[in-house]
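Trainee: I've got a model open and I'd like to learn how to read it feature by feature. Could you walk me through it?

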Amino acid sequence: MTDKVRDLRSALKRLKAMPGQLITTEVEVDPMAELAGVYRHVGAGGTVMRPTKEGPAMIFENVKGHPGAKVAIGVLASRKRVAALLDTEPENLGKLLCKCAENPIQPVVTDKKPVCQEVVHLAEDPEFDLNKLVPAPTNTPDDAGPYITLGMCYASHPDTGFSDVTIHRLCIQGKDELSIFFTPGARHIGAMAERAEVLGQKLPISVSIGVDPAIEIGSCFEPPTTPLGYNELSIAGALRGEPVELAPCLTVKENCIANAEYVIEGEVIPGVRIQEDQNSHTGYAMPEFPGYTGPASSQCWLIKVKAVTHRKDPIMQTCIGPSEEHVSMAGIPTEASIYHMVESAMPGRLQNVYCASPGGGKYMAVLQFKKSSPSDEGRQRQAALLAFSAFSELKHVFLVDEDVDCFDMKDVLWAMNTRMQGDADIITIPGVRCHPLDPSNDPSCSPSIRDHGIACKTIFDCTVPYDQKERFRRARFMEVEPEKWL
(Lines give C-alpha, C1' and ligand atoms only; values in the text may rest on other atoms or scores of the structure.)
Protein backbone atom coordinates (compact mmCIF):
# COMPACT_ATOMS: atom_id res chain seq x y z
CA MET A 1 0.00 0.00 0.00
CA THR A 2 1.68 3.16 -1.21
CA ASP A 3 -0.56 5.94 0.13
CA LYS A 4 0.42 6.76 3.69
CA VAL A 5 -2.26 6.88 6.38
CA ARG A 6 -1.67 9.92 8.58
CA ASP A 7 -5.19 11.24 9.28
CA LEU A 8 -8.84 10.20 9.06
CA ARG A 9 -9.20 11.18 5.41
CA SER A 10 -6.25 9.11 4.23
CA ALA A 11 -7.56 6.21 6.34
CA LEU A 12 -10.96 6.41 4.63
CA LYS A 13 -9.26 6.64 1.24
CA ARG A 14 -7.40 3.40 1.95
CA LEU A 15 -10.56 1.65 3.12
CA LYS A 16 -12.40 2.81 0.01
CA ALA A 17 -9.76 1.02 -2.08
CA MET A 18 -10.35 -2.23 -0.16
CA PRO A 19 -13.38 -4.18 -1.48
CA GLY A 20 -16.23 -4.35 1.01
CA GLN A 21 -14.57 -2.25 3.74
CA LEU A 22 -16.35 1.11 3.37
CA ILE A 23 -19.84 2.13 2.27
CA THR A 24 -21.53 5.53 2.09
CA THR A 25 -25.14 6.62 2.13
CA GLU A 26 -26.83 9.89 1.17
CA VAL A 27 -30.13 8.89 2.78
CA GLU A 28 -30.96 11.28 5.63
CA VAL A 29 -30.33 9.82 9.08
CA ASP A 30 -31.29 11.18 12.48
CA PRO A 31 -28.30 11.30 14.86
CA MET A 32 -30.75 10.71 17.70
CA ALA A 33 -30.64 6.89 18.02
CA GLU A 34 -31.28 6.18 14.32
CA LEU A 35 -27.67 6.41 13.10
CA ALA A 36 -26.41 3.90 15.66
CA GLY A 37 -29.50 1.76 15.07
CA VAL A 38 -28.59 1.50 11.40
CA TYR A 39 -24.94 0.67 12.01
CA ARG A 40 -25.88 -2.00 14.55
CA HIS A 41 -27.09 -4.07 11.60
CA VAL A 42 -24.37 -3.04 9.13
CA GLY A 43 -21.17 -3.68 11.04
CA ALA A 44 -21.16 -2.97 14.78
CA GLY A 45 -20.41 -6.51 15.98
CA GLY A 46 -18.77 -6.89 19.38
CA THR A 47 -21.06 -7.21 22.38
CA VAL A 48 -23.95 -5.36 20.67
CA MET A 49 -27.26 -7.22 21.05
CA ARG A 50 -28.00 -9.59 18.19
CA PRO A 51 -28.77 -9.29 15.33
CA THR A 52 -25.49 -7.56 14.63
CA LYS A 53 -22.38 -8.48 12.69
CA GLU A 54 -18.89 -7.39 11.80
CA GLY A 55 -19.17 -5.40 8.59
CA PRO A 56 -17.81 -2.42 6.67
CA ALA A 57 -17.17 1.06 8.00
CA MET A 58 -19.87 3.53 7.00
CA ILE A 59 -20.13 7.23 6.16
CA PHE A 60 -23.46 9.00 6.61
CA GLU A 61 -23.42 12.01 4.27
CA ASN A 62 -26.84 13.44 5.14
CA VAL A 63 -27.22 13.98 8.89
CA LYS A 64 -30.48 15.53 10.06
CA GLY A 65 -29.98 18.95 11.63
CA HIS A 66 -26.40 19.24 10.42
CA PRO A 67 -26.33 20.46 6.80
CA GLY A 68 -23.10 19.50 5.04
CA ALA A 69 -21.89 17.33 7.93
CA LYS A 70 -20.65 13.77 7.52
CA VAL A 71 -20.36 11.11 10.20
CA ALA A 72 -17.97 8.16 9.88
CA ILE A 73 -18.52 5.10 12.06
CA GLY A 74 -16.87 1.68 12.36
CA VAL A 75 -13.47 2.66 10.96
CA LEU A 76 -11.77 0.34 13.46
CA ALA A 77 -14.62 -2.18 13.85
CA SER A 78 -12.63 -4.98 12.22
CA ARG A 79 -9.25 -6.42 13.13
CA LYS A 80 -8.55 -6.82 9.42
CA ARG A 81 -9.19 -3.10 8.85
CA VAL A 82 -7.01 -2.08 11.80
CA ALA A 83 -4.16 -4.19 10.46
CA ALA A 84 -4.53 -2.68 6.99
CA LEU A 85 -4.50 0.84 8.43
CA LEU A 86 -1.38 0.07 10.51
CA ASP A 87 0.43 -1.73 7.65
CA THR A 88 0.67 -5.11 9.34
CA GLU A 89 -1.15 -8.46 9.64
CA PRO A 90 -4.10 -9.03 12.02
CA GLU A 91 -2.26 -11.63 14.11
CA ASN A 92 0.75 -9.33 14.50
CA LEU A 93 -1.06 -6.29 15.95
CA GLY A 94 -0.35 -6.92 19.63
CA LYS A 95 3.32 -7.66 19.02
CA LEU A 96 3.67 -4.56 16.81
CA LEU A 97 2.17 -2.29 19.46
CA CYS A 98 4.39 -3.87 22.11
CA LYS A 99 7.46 -3.00 20.03
CA CYS A 100 6.22 0.55 19.45
CA ALA A 101 5.55 1.11 23.16
CA GLU A 102 9.16 0.10 23.83
CA ASN A 103 10.50 2.43 21.10
CA PRO A 104 8.37 5.60 21.26
CA ILE A 105 8.72 8.64 19.02
CA GLN A 106 7.64 11.80 20.84
CA PRO A 107 5.17 14.26 19.23
CA VAL A 108 6.28 17.67 17.95
CA VAL A 109 4.53 21.04 17.82
CA THR A 110 4.22 22.48 14.31
CA ASP A 111 4.80 26.15 13.53
CA LYS A 112 2.51 25.98 10.49
CA LYS A 113 -1.19 26.85 10.48
CA PRO A 114 -2.90 23.50 11.14
CA VAL A 115 -5.76 22.22 9.00
CA CYS A 116 -7.80 21.61 12.16
CA GLN A 117 -8.13 25.41 12.48
CA GLU A 118 -9.34 26.19 8.96
CA VAL A 119 -12.70 27.21 10.48
CA VAL A 120 -12.94 28.76 13.96
CA HIS A 121 -16.01 29.19 16.21
CA LEU A 122 -15.48 31.06 19.51
CA ALA A 123 -17.73 30.45 22.51
CA GLU A 124 -18.03 34.21 23.07
CA ASP A 125 -20.11 34.40 19.87
CA PRO A 126 -23.83 34.58 20.80
CA GLU A 127 -24.63 32.01 18.08
CA PHE A 128 -22.14 29.44 19.44
CA ASP A 129 -23.80 26.09 20.19
CA LEU A 130 -22.06 22.72 20.50
CA ASN A 131 -25.28 20.94 19.56
CA LYS A 132 -25.23 22.62 16.15
CA LEU A 133 -21.48 22.65 15.57
CA VAL A 134 -20.66 19.03 16.45
CA PRO A 135 -22.86 16.28 14.90
CA ALA A 136 -22.41 13.91 17.82
CA PRO A 137 -24.87 10.98 17.78
CA THR A 138 -27.10 9.89 20.63
CA ASN A 139 -26.67 6.13 20.34
CA THR A 140 -29.88 4.92 22.01
CA PRO A 141 -33.19 6.52 23.09
CA ASP A 142 -32.01 6.01 26.70
CA ASP A 143 -28.75 7.98 26.36
CA ALA A 144 -28.07 11.02 28.53
CA GLY A 145 -27.53 13.03 25.35
CA PRO A 146 -25.25 13.34 22.32
CA TYR A 147 -21.87 11.72 23.07
CA ILE A 148 -18.43 12.32 21.65
CA THR A 149 -17.12 8.76 21.80
CA LEU A 150 -13.85 9.16 19.89
CA GLY A 151 -12.53 12.41 21.31
CA MET A 152 -8.77 12.36 21.90
CA CYS A 153 -8.53 14.27 25.20
CA TYR A 154 -5.12 15.95 25.55
CA ALA A 155 -3.88 17.69 28.70
CA SER A 156 -0.73 18.29 30.75
CA HIS A 157 0.03 17.60 34.40
CA PRO A 158 0.02 20.87 36.38
CA ASP A 159 3.17 19.89 38.34
CA THR A 160 5.37 18.09 35.81
CA GLY A 161 4.10 19.49 32.52
CA PHE A 162 4.04 15.95 31.09
CA SER A 163 1.23 15.53 28.55
CA ASP A 164 -0.93 12.59 27.57
CA VAL A 165 -3.87 11.60 25.39
CA THR A 166 -6.80 9.42 26.48
CA ILE A 167 -10.38 8.72 25.42
CA HIS A 168 -13.21 9.53 27.83
CA ARG A 169 -16.96 9.62 27.43
CA LEU A 170 -18.00 13.20 26.72
CA CYS A 171 -21.64 14.26 26.75
CA ILE A 172 -22.83 17.57 25.32
CA GLN A 173 -24.63 19.26 28.23
CA GLY A 174 -25.23 22.75 26.85
CA LYS A 175 -24.19 25.26 24.24
CA ASP A 176 -20.68 25.54 25.74
CA GLU A 177 -20.51 22.70 28.25
CA LEU A 178 -19.38 19.08 28.14
CA SER A 179 -19.42 16.49 30.89
CA ILE A 180 -16.40 14.20 31.13
CA PHE A 181 -16.40 10.94 33.08
CA PHE A 182 -13.21 9.80 34.78
CA THR A 183 -13.14 6.16 35.92
CA PRO A 184 -11.64 6.48 39.42
CA GLY A 185 -7.90 5.82 39.37
CA ALA A 186 -7.92 4.52 35.80
CA ARG A 187 -6.70 7.17 33.36
CA HIS A 188 -3.97 9.78 33.41
CA ILE A 189 -6.04 12.86 32.58
CA GLY A 190 -8.26 12.08 35.54
CA ALA A 191 -5.16 12.26 37.76
CA MET A 192 -4.21 15.57 36.13
CA ALA A 193 -7.66 17.02 36.79
CA GLU A 194 -7.58 15.85 40.40
CA ARG A 195 -4.19 17.49 40.96
CA ALA A 196 -5.33 20.73 39.30
CA GLU A 197 -8.37 20.74 41.59
CA VAL A 198 -6.16 20.38 44.67
CA LEU A 199 -4.22 23.42 43.42
CA GLY A 200 -7.46 25.29 42.75
CA GLN A 201 -6.66 25.51 39.04
CA LYS A 202 -8.59 24.93 35.83
CA LEU A 203 -7.09 22.22 33.61
CA PRO A 204 -6.72 23.29 29.98
CA ILE A 205 -7.82 20.47 27.65
CA SER A 206 -8.28 19.85 23.95
CA VAL A 207 -10.52 17.22 22.40
CA SER A 208 -9.43 16.19 18.90
CA ILE A 209 -11.98 14.22 16.86
CA GLY A 210 -11.34 12.39 13.58
CA VAL A 211 -7.63 11.53 13.66
CA ASP A 212 -5.11 8.96 12.44
CA PRO A 213 -6.25 5.48 13.62
CA ALA A 214 -2.75 4.95 15.04
CA ILE A 215 -3.52 7.68 17.58
CA GLU A 216 -6.87 6.13 18.51
CA ILE A 217 -5.27 2.73 19.10
CA GLY A 218 -2.22 4.09 20.93
CA SER A 219 -4.30 6.28 23.23
CA CYS A 220 -5.91 3.21 24.81
CA PHE A 221 -2.77 1.88 26.52
CA GLU A 222 -2.84 1.80 30.31
CA PRO A 223 -0.37 1.26 33.17
CA PRO A 224 1.93 -0.50 33.80
CA THR A 225 2.97 -0.40 30.13
CA THR A 226 2.40 3.36 29.97
CA PRO A 227 2.76 4.88 33.46
CA LEU A 228 1.81 8.43 34.41
CA GLY A 229 4.14 10.72 32.46
CA TYR A 230 4.21 8.51 29.35
CA ASN A 231 2.73 10.35 26.36
CA GLU A 232 0.82 7.75 24.37
CA LEU A 233 1.01 9.88 21.22
CA SER A 234 4.59 8.60 21.09
CA ILE A 235 3.26 5.10 20.36
CA ALA A 236 1.39 6.46 17.34
CA GLY A 237 4.64 8.14 16.31
CA ALA A 238 6.45 4.81 16.48
CA LEU A 239 3.68 3.12 14.49
CA ARG A 240 4.09 5.70 11.70
CA GLY A 241 7.86 6.10 11.98
CA GLU A 242 7.50 9.87 12.43
CA PRO A 243 6.24 12.21 15.17
CA VAL A 244 2.58 13.10 15.58
CA GLU A 245 2.18 16.79 14.82
CA LEU A 246 0.52 18.97 17.44
CA ALA A 247 -0.62 22.57 17.18
CA PRO A 248 -1.18 25.23 19.86
CA CYS A 249 -4.84 25.79 20.71
CA LEU A 250 -6.27 29.25 20.09
CA THR A 251 -8.07 29.89 23.41
CA VAL A 252 -6.40 27.66 26.03
CA LYS A 253 -2.77 26.93 26.89
CA GLU A 254 -2.67 23.41 25.47
CA ASN A 255 -1.96 21.62 22.21
CA CYS A 256 -4.26 19.68 19.91
CA ILE A 257 -3.74 17.18 17.09
CA ALA A 258 -2.90 19.29 14.05
CA ASN A 259 -4.71 17.30 11.36
CA ALA A 260 -7.85 16.44 13.34
CA GLU A 261 -11.24 16.98 11.73
CA TYR A 262 -12.64 18.78 14.81
CA VAL A 263 -11.02 20.23 17.92
CA ILE A 264 -12.90 21.33 21.03
CA GLU A 265 -10.88 23.66 23.28
CA GLY A 266 -11.83 24.11 26.91
CA GLU A 267 -11.02 23.90 30.60
CA VAL A 268 -11.90 21.28 33.23
CA ILE A 269 -13.47 23.27 36.07
CA PRO A 270 -12.30 22.42 39.61
CA GLY A 271 -14.79 21.77 42.39
CA VAL A 272 -17.77 21.18 40.09
CA ARG A 273 -19.59 17.89 39.55
CA ILE A 274 -22.66 17.51 37.36
CA GLN A 275 -25.37 14.92 36.79
CA GLU A 276 -24.69 13.23 33.48
CA ASP A 277 -28.35 12.87 32.49
CA GLN A 278 -29.43 16.31 33.69
CA ASN A 279 -31.09 16.96 30.31
CA SER A 280 -32.64 13.56 29.53
CA HIS A 281 -33.39 12.31 33.09
CA THR A 282 -33.31 8.71 31.83
CA GLY A 283 -30.98 7.43 34.52
CA TYR A 284 -28.59 6.14 31.86
CA ALA A 285 -25.37 7.35 30.28
CA MET A 286 -24.60 5.50 27.01
CA PRO A 287 -23.96 1.96 25.76
CA GLU A 288 -20.69 0.71 27.26
CA PHE A 289 -18.33 -1.98 26.04
CA PRO A 290 -19.75 -4.89 28.12
CA GLY A 291 -23.01 -4.57 26.13
CA TYR A 292 -25.13 -2.77 28.71
CA THR A 293 -26.20 0.87 28.87
CA GLY A 294 -24.25 2.30 31.77
CA PRO A 295 -25.88 4.26 34.59
CA ALA A 296 -25.64 8.04 34.49
CA SER A 297 -23.01 9.35 36.85
CA SER A 298 -23.63 12.12 39.36
CA GLN A 299 -19.87 12.72 39.57
CA CYS A 300 -19.01 13.87 36.05
CA TRP A 301 -16.56 16.73 35.77
CA LEU A 302 -17.39 19.84 33.76
CA ILE A 303 -15.52 21.12 30.70
CA LYS A 304 -16.28 24.74 29.90
CA VAL A 305 -15.77 25.04 26.16
CA LYS A 306 -13.92 28.05 24.77
CA ALA A 307 -13.89 27.23 21.04
CA VAL A 308 -14.59 24.68 18.34
CA THR A 309 -12.27 24.58 15.33
CA HIS A 310 -12.45 22.24 12.36
CA ARG A 311 -11.34 21.48 8.84
CA LYS A 312 -13.38 22.62 5.88
CA ASP A 313 -16.17 20.07 5.27
CA PRO A 314 -15.27 18.18 8.46
CA ILE A 315 -16.01 14.51 9.08
CA MET A 316 -17.27 13.58 12.54
CA GLN A 317 -16.00 10.20 13.72
CA THR A 318 -17.94 8.13 16.22
CA CYS A 319 -18.32 4.58 17.50
CA ILE A 320 -20.92 2.46 19.27
CA GLY A 321 -19.71 1.68 22.77
CA PRO A 322 -20.11 -2.12 22.80
CA SER A 323 -19.00 -2.59 19.19
CA GLU A 324 -16.07 -4.43 17.63
CA GLU A 325 -14.49 -0.98 17.37
CA HIS A 326 -14.05 -0.90 21.15
CA VAL A 327 -12.55 -4.39 21.01
CA SER A 328 -9.92 -3.08 18.58
CA MET A 329 -9.08 0.05 20.54
CA ALA A 330 -9.04 -1.50 24.03
CA GLY A 331 -8.10 -5.07 23.20
CA ILE A 332 -5.05 -4.66 20.97
CA PRO A 333 -3.14 -2.44 23.45
CA THR A 334 -4.06 -4.96 26.16
CA GLU A 335 -2.61 -7.75 24.03
CA ALA A 336 0.58 -5.71 23.69
CA SER A 337 0.78 -5.13 27.46
CA ILE A 338 0.28 -8.82 28.26
CA TYR A 339 2.78 -9.93 25.63
CA HIS A 340 5.37 -7.47 27.00
CA MET A 341 4.93 -8.65 30.58
CA VAL A 342 5.07 -12.39 29.83
CA GLU A 343 7.85 -12.17 27.23
CA SER A 344 9.98 -10.23 29.72
CA ALA A 345 9.52 -12.93 32.37
CA MET A 346 9.77 -16.08 30.23
CA PRO A 347 11.02 -15.35 26.70
CA GLY A 348 9.91 -17.43 23.76
CA ARG A 349 7.06 -19.31 25.39
CA LEU A 350 4.09 -17.01 24.76
CA GLN A 351 3.27 -17.29 21.05
CA ASN A 352 0.43 -14.79 20.88
CA VAL A 353 -2.42 -13.10 22.76
CA TYR A 354 -5.98 -12.31 21.75
CA CYS A 355 -8.35 -10.13 23.77
CA ALA A 356 -11.49 -11.65 22.35
CA SER A 357 -14.61 -9.83 21.25
CA PRO A 358 -16.92 -11.42 23.88
CA GLY A 359 -14.89 -9.66 26.56
CA GLY A 360 -15.11 -6.29 24.88
CA GLY A 361 -11.32 -6.18 24.61
CA LYS A 362 -10.93 -5.87 28.39
CA TYR A 363 -12.44 -8.79 30.30
CA MET A 364 -11.06 -11.81 28.46
CA ALA A 365 -7.72 -12.88 26.98
CA VAL A 366 -6.60 -16.03 25.21
CA LEU A 367 -2.91 -16.86 25.67
CA GLN A 368 -1.27 -19.20 23.16
CA PHE A 369 1.55 -20.87 25.09
CA LYS A 370 4.23 -23.31 23.92
CA LYS A 371 5.66 -25.90 26.32
CA SER A 372 9.04 -27.00 24.97
CA SER A 373 10.37 -28.98 27.94
CA PRO A 374 9.07 -30.70 31.10
CA SER A 375 10.09 -27.63 33.13
CA ASP A 376 7.59 -25.52 31.17
CA GLU A 377 4.69 -27.37 32.77
CA GLY A 378 3.02 -24.93 35.14
CA ARG A 379 4.60 -21.89 33.55
CA GLN A 380 1.46 -21.40 31.46
CA ARG A 381 -0.44 -20.63 34.67
CA GLN A 382 2.32 -18.27 35.74
CA ALA A 383 1.81 -16.50 32.40
CA ALA A 384 -1.89 -16.09 33.23
CA LEU A 385 -1.01 -14.53 36.59
CA LEU A 386 1.35 -12.14 34.82
CA ALA A 387 -1.48 -11.22 32.44
CA PHE A 388 -3.68 -10.32 35.40
CA SER A 389 -0.92 -8.14 36.83
CA ALA A 390 -0.30 -6.49 33.44
CA PHE A 391 -3.93 -5.53 33.05
CA SER A 392 -6.01 -5.20 36.19
CA GLU A 393 -9.38 -5.08 34.40
CA LEU A 394 -8.87 -8.58 32.95
CA LYS A 395 -11.33 -11.10 34.40
CA HIS A 396 -10.86 -14.39 32.49
CA VAL A 397 -7.77 -15.95 30.90
CA PHE A 398 -7.92 -18.96 28.58
CA LEU A 399 -4.66 -20.88 28.08
CA VAL A 400 -4.24 -22.88 24.87
CA ASP A 401 -1.40 -24.76 23.17
CA GLU A 402 0.47 -23.60 20.09
CA ASP A 403 -1.62 -25.85 17.81
CA VAL A 404 -4.79 -23.94 18.75
CA ASP A 405 -5.69 -20.76 16.85
CA CYS A 406 -6.07 -18.27 19.70
CA PHE A 407 -7.93 -15.84 17.37
CA ASP A 408 -10.66 -18.41 16.63
CA MET A 409 -12.98 -18.80 19.62
CA LYS A 410 -14.43 -22.00 18.13
CA ASP A 411 -10.96 -23.53 18.26
CA VAL A 412 -10.46 -22.20 21.79
CA LEU A 413 -13.74 -23.77 22.93
CA TRP A 414 -12.72 -27.02 21.18
CA ALA A 415 -9.58 -27.04 23.32
CA MET A 416 -11.69 -26.31 26.39
CA ASN A 417 -13.97 -29.25 25.61
CA THR A 418 -11.26 -31.80 24.80
CA ARG A 419 -8.27 -30.73 26.93
CA MET A 420 -9.70 -29.29 30.16
CA GLN A 421 -11.23 -30.82 33.27
CA GLY A 422 -13.17 -28.38 35.43
CA ASP A 423 -12.09 -29.80 38.78
CA ALA A 424 -8.38 -29.65 37.92
CA ASP A 425 -7.93 -26.92 35.32
CA ILE A 426 -10.07 -24.02 36.54
CA ILE A 427 -8.16 -21.74 38.91
CA THR A 428 -10.13 -19.03 40.70
CA ILE A 429 -8.76 -15.93 42.41
CA PRO A 430 -11.64 -14.34 44.34
CA GLY A 431 -11.88 -10.88 45.83
CA VAL A 432 -9.77 -8.97 43.29
CA ARG A 433 -10.56 -5.45 42.08
CA CYS A 434 -11.67 -5.59 38.45
CA HIS A 435 -13.96 -3.35 36.36
CA PRO A 436 -16.98 -1.42 37.69
CA LEU A 437 -18.95 -1.69 34.42
CA ASP A 438 -19.34 -5.48 34.78
CA PRO A 439 -22.80 -5.74 36.44
CA SER A 440 -21.95 -9.17 37.86
CA ASN A 441 -19.11 -7.66 39.90
CA ASP A 442 -21.52 -6.74 42.68
CA PRO A 443 -22.39 -8.04 46.17
CA SER A 444 -25.94 -8.67 44.97
CA CYS A 445 -24.60 -11.44 42.71
CA SER A 446 -22.42 -13.26 45.22
CA PRO A 447 -21.76 -13.08 48.97
CA SER A 448 -18.04 -13.44 48.19
CA ILE A 449 -18.01 -9.98 46.57
CA ARG A 450 -17.48 -7.34 49.25
CA ASP A 451 -17.81 -4.23 47.08
CA HIS A 452 -19.00 -3.24 43.62
CA GLY A 453 -16.19 -3.72 41.10
CA ILE A 454 -14.60 -6.66 42.88
CA ALA A 455 -14.52 -9.91 40.92
CA CYS A 456 -13.35 -13.49 40.91
CA LYS A 457 -10.59 -13.69 38.31
CA THR A 458 -10.48 -17.11 36.64
CA ILE A 459 -7.91 -19.11 34.66
CA PHE A 460 -9.16 -21.79 32.28
CA ASP A 461 -6.13 -23.98 31.56
CA CYS A 462 -6.96 -25.68 28.26
CA THR A 463 -3.39 -26.81 27.59
CA VAL A 464 -2.25 -30.42 27.30
CA PRO A 465 0.11 -31.72 30.02
CA TYR A 466 3.61 -31.75 28.53
CA ASP A 467 4.09 -35.48 29.04
CA GLN A 468 0.85 -36.24 27.14
CA LYS A 469 1.38 -34.09 24.05
CA GLU A 470 1.66 -37.08 21.73
CA ARG A 471 -1.71 -38.43 22.88
CA PHE A 472 -3.40 -35.13 22.04
CA ARG A 473 -1.95 -34.71 18.57
CA ARG A 474 -4.57 -33.25 16.19
CA ALA A 475 -5.55 -35.12 13.03
CA ARG A 476 -2.89 -34.49 10.38
CA PHE A 477 -3.94 -33.76 6.80
CA MET A 478 -1.99 -33.76 3.59
CA GLU A 479 -0.46 -30.36 2.87
CA VAL A 480 -1.71 -29.10 -0.51
CA GLU A 481 -2.13 -25.84 -2.39
CA PRO A 482 -5.96 -25.64 -2.77
CA GLU A 483 -5.89 -22.99 -5.56
CA LYS A 484 -5.68 -25.74 -8.18
CA TRP A 485 -9.16 -26.95 -7.23
CA LEU A 486 -10.67 -23.53 -6.50
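Trainee: Where is the place of Pro224?

Mentor: This is a predicted model, and in it Pro224 sits in the loop between helix H7 (213–218) and H8.

Trainee: What kind of peptide bond runs from Pro223 to Pro224?

Mentor: The general idea comes first: most peptide bonds are trans. Here the bond from Pro223 to Pro224 is cis, with omega near 5°. Another cis bond joins Arg50 and Pro51, where omega is about 5°. You'll find Pro51 in the loop between helix H2 (34–42) and strand S2 (57–60).

Trainee: Is Ala33 buried or exposed?

Mentor: The cut-off to keep in mind is that buried means under 20% relative accessible area. Ala33 has 17%, so it counts as buried. Now try Ala44, which lies in the loop between H2 and S2. Its relative accessible area is 0%, so Ala44 is buried too.

Trainee: Which residues does Ala44 touch?

Mentor: Leaving out residues up to four places away in sequence, Ala44 touches Tyr39, Thr52, Lys53, Ile320, Ser323 and Glu324.

Trainee: Okay, helices. At what angle do H4 and H8 pack?

Mentor: To read a helix pair, look at the angle, the distance between axes and the residues that meet. Helix H4 (residues 93–102) and helix H8 (residues 233–240) pack at about 115°, and their axes are 8 Å apart. Angles of 65 to 115 degrees count as roughly perpendicular, so H4 and H8 are roughly perpendicular to each other. The crossing of H4 past H8 is right-handed.

Trainee: Which residues in H4 meet H8?

Mentor: From H4 you have Leu96, Leu97, Cys100 and Ala101, and they meet Ile235, Ala238 and Leu239 in H8. Sorted by type, the residues of this contact of H4 with H8 are 7 nonpolar, no polar and no charged.

Trainee: How do H4 and H9 pack?

Mentor: H4 and helix H9 (residues 324–345) pack at about 70°, with axes 8 Å apart. H4 and H9 are therefore roughly perpendicular as well. On the H4 side are Leu93, Gly94, Lys95, Leu97, Cys98 and Glu102, and on the H9 side Ile332, Pro333, Glu335, Ala336, Tyr339 and His340. The contact of H4 with H9 divides into 7 nonpolar, 2 polar and 3 charged residues.

Trainee: Last one: how many residues are in the largest nonpolar core?

Mentor: Think of a core as buried nonpolar side chains joined by contacts. The largest one has 77 residues, and Ile338 and Leu367 have the most contacts inside it. A second, separate core has 44 residues, including Val63, Val71, Ala136 and Ala196.

Trainee: What does Leu367 touch?

Mentor: Not counting residues up to four places away in sequence, its partners include Ile338, Leu350, Val353, Ala383, Phe398 and Val400. Asn352 is also among the residues that Leu367 touches.

Conventions
Residues are numbered from 1 along each chain as its sequence is written. This is a predicted model: local features need pLDDT of at least 70, side-chain atom pairs count only at pLDDT 80 or more; totals for chains, interfaces and linings use all residues. Side-chain values use heavy atoms; hydrogens and water are left out. Axes are lines fitted to C-alpha atoms, for helices over the stretch in contact, and angles run from 0 to 180 degrees between N-to-C directions. Helices (H or I, at least four residues) and strands (E, at least two) are DSSP runs, numbered from the N terminus. Angles under 35 degrees count as roughly parallel, over 145 as roughly antiparallel, 65 to 115 as roughly perpendicular and the rest as oblique. A crossing is left-handed if the near helix is turned anticlockwise from the far one by less than a right angle, and right-handed if clockwise. Contact means heavy atoms within 4.5 Å. Ala, Val, Leu, Ile, Met, Phe, Trp, Tyr, Cys and Pro count as nonpolar, Asp, Glu, Lys and Arg as charged, and the others, Gly among them, as polar. A nonpolar core is a set of buried Ala, Val, Leu, Ile, Met, Phe, Trp, Tyr and Cys residues joined through side-chain atoms within 4.5 Å. Buried means under 20% relative accessible area, exposed over 50%, partly exposed in between (1.4 Å probe, protein chains only).
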